[in-house]
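This note is a set of numbered points on the structure shown below. Please read each point with the sequence and the model side by side.

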Amino acid sequence: MYHKQFRNGINSAILIWLLNMFCLYFAGRFSGNGYVYWGAGVISATAVVAITYLPNHDLKDLGLYPKYLKQDGIVMCCILVIELLIGVCMFRMSWGYAIRSWLYCIFWIALQEELVYRGFIQSHLFSPRINRKVSFLIGAAMFAASHIPYQMQIRPWDGLFTLQLCITFFVHLLYCWIIEKRGNICIPWAMHVASDFLEVI
């Protein structure tokens with residue numbers, strides 16, 4: 001993972017990022033409309049899955065290389081179950097609320113962002129013209145910026161939001177480091193769920 005260069009990769013990464021920013025703006029603008037919110041949420045993830053799967057009939061370039069996939073998938077499932085139990089036992093969530101929120105974070109927030117940002121966009125940013133470290137920093141900036149269009153319509157820009165954007169920037173770099181070592185998004189996916197479900201970040 002992250003050792004392949006794609007033809008016109010940077011252009012593809014930027015187009016998907018712009019599409020995602022546009023969708024997030026509409027999701028925030030019409031957050032009270034369930035059809036718009038849910039519909040806008042799946043467009044970017046569907047696009048990257050289609051772009052990746054159709055030419056080669058695999059999803060490796062989205063962070064699903066098979067080398068450690070089985071082992072990391074088992075670890076991910078264990079972490080997710082522990083997170084659910086922590087939510088119920090330590091955070092005093094009801095089972096009904098916890099399961100709904102947990103599933104929402106797994107499939108609606110974390111999976112989509114991992115596929116789009118750590119999978120597609122970051123893997124397409126590498127180019128002979130750009131230093132690898134700079135490519136990671138660009139990817140981190142794009143991920144942090146992606147939180148602005150939606151959030152700015154439902155909350156004020158304050159010091160806490162600025163801090164959260166900075167943390168998001170560095171979280172992207174951490175997740176990318178794990179993905180580069182393991183070849184898949186499983187562990188970052190579980191960590192991402194923890195940050196949203198348990199609100200640890």
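Which helix gives the most to the nonpolar patch? Helix α4 does, with four residues.

1. Basis of the note. This is a predicted model, in which local features need pLDDT of at least 70 and side-chain atom pairs count only at pLDDT 80 or more, whereas totals for chains, interfaces and linings use all residues. Residues are numbered from 1 along each chain as its sequence is written, and side-chain values use heavy atoms, with hydrogens and water left out.

2. The nonpolar patch. On the surface, V81, L85, W95, I99, L103 and F107 form a nonpolar patch with about 550 Å² of accessible area together. Accessible areas come from the Shrake-Rupley method with a 1.4 Å probe, and for residues only the protein chains shown count as cover. A patch is made of residues with over 30% relative accessible area and no salt bridge; like charges are joined within 9 Å, and nonpolar side chains (Val, Leu, Ile, Met, Phe, Trp, Tyr) within 5 Å. Helices α3 (69-89) and α4 (95-124) each supply at least two residues of the patch. Helices (H or I, at least four residues) and strands (E, at least two) are DSSP runs, numbered from the N terminus. Within the patch, L103 has its place in helix α4. L103 is partly exposed because its relative accessible area is 37%, where buried means under 20%, exposed over 50%, and partly exposed in between (1.4 Å probe, protein chains only).

3. Helix α7. This helix covers residues 159-182, and its 24 residues should span 34 Å at 1.5 Å a residue; the expected span is 1.5 Å times one less than the number of residues. The end C-alpha atoms of α7 are 35 Å apart, which agrees. The buried residues of α7 are F161, L165, T168, V171, H172, Y175, C176, I178 and I179. What covers them includes α4, α5 (132-145), α6 (148-151) and α8 (186-197), with contact meaning heavy atoms within 4.5 Å. Just after α7, G183 takes a positive phi of about 80°.

4. Y2, in the segment before α1 (9-29), has a phi near 70°, a positive value in a residue other than glycine. R92 also belongs under this heading, with a positive phi near 60°, and is found in the loop between α3 and α4. Are these residues buried or exposed? Y2 is buried, because its relative accessible area is 3%, whereas R92 counts as exposed at 71%.

5. Salt bridges. The structure holds five salt bridges, each being a side-chain nitrogen of Lys or Arg within 4 Å of a carboxyl oxygen of Asp or Glu. One of them joins D72 to R182, with the closest N and O atoms 2.8 Å apart. This pair links distant parts of the chain, since D72 lies in helix α3 and R182 in helix α7, 110 residues apart. D72 is buried, with a relative accessible area of 4%, and R182 is partly exposed at 29%.

6. Two further salt bridges. R118 and E114 meet through their side chains at 2.7 Å, N to O. These two residues are separated by about one helical turn because they stand four residues apart in helix α4. R118 counts as buried at 0% relative accessibility, and E114 likewise counts as buried at 0%. The side chains of R155 and D158 meet in a salt bridge at 3.6 Å, N to O, and D158 is partly exposed, at 31% relative accessibility.
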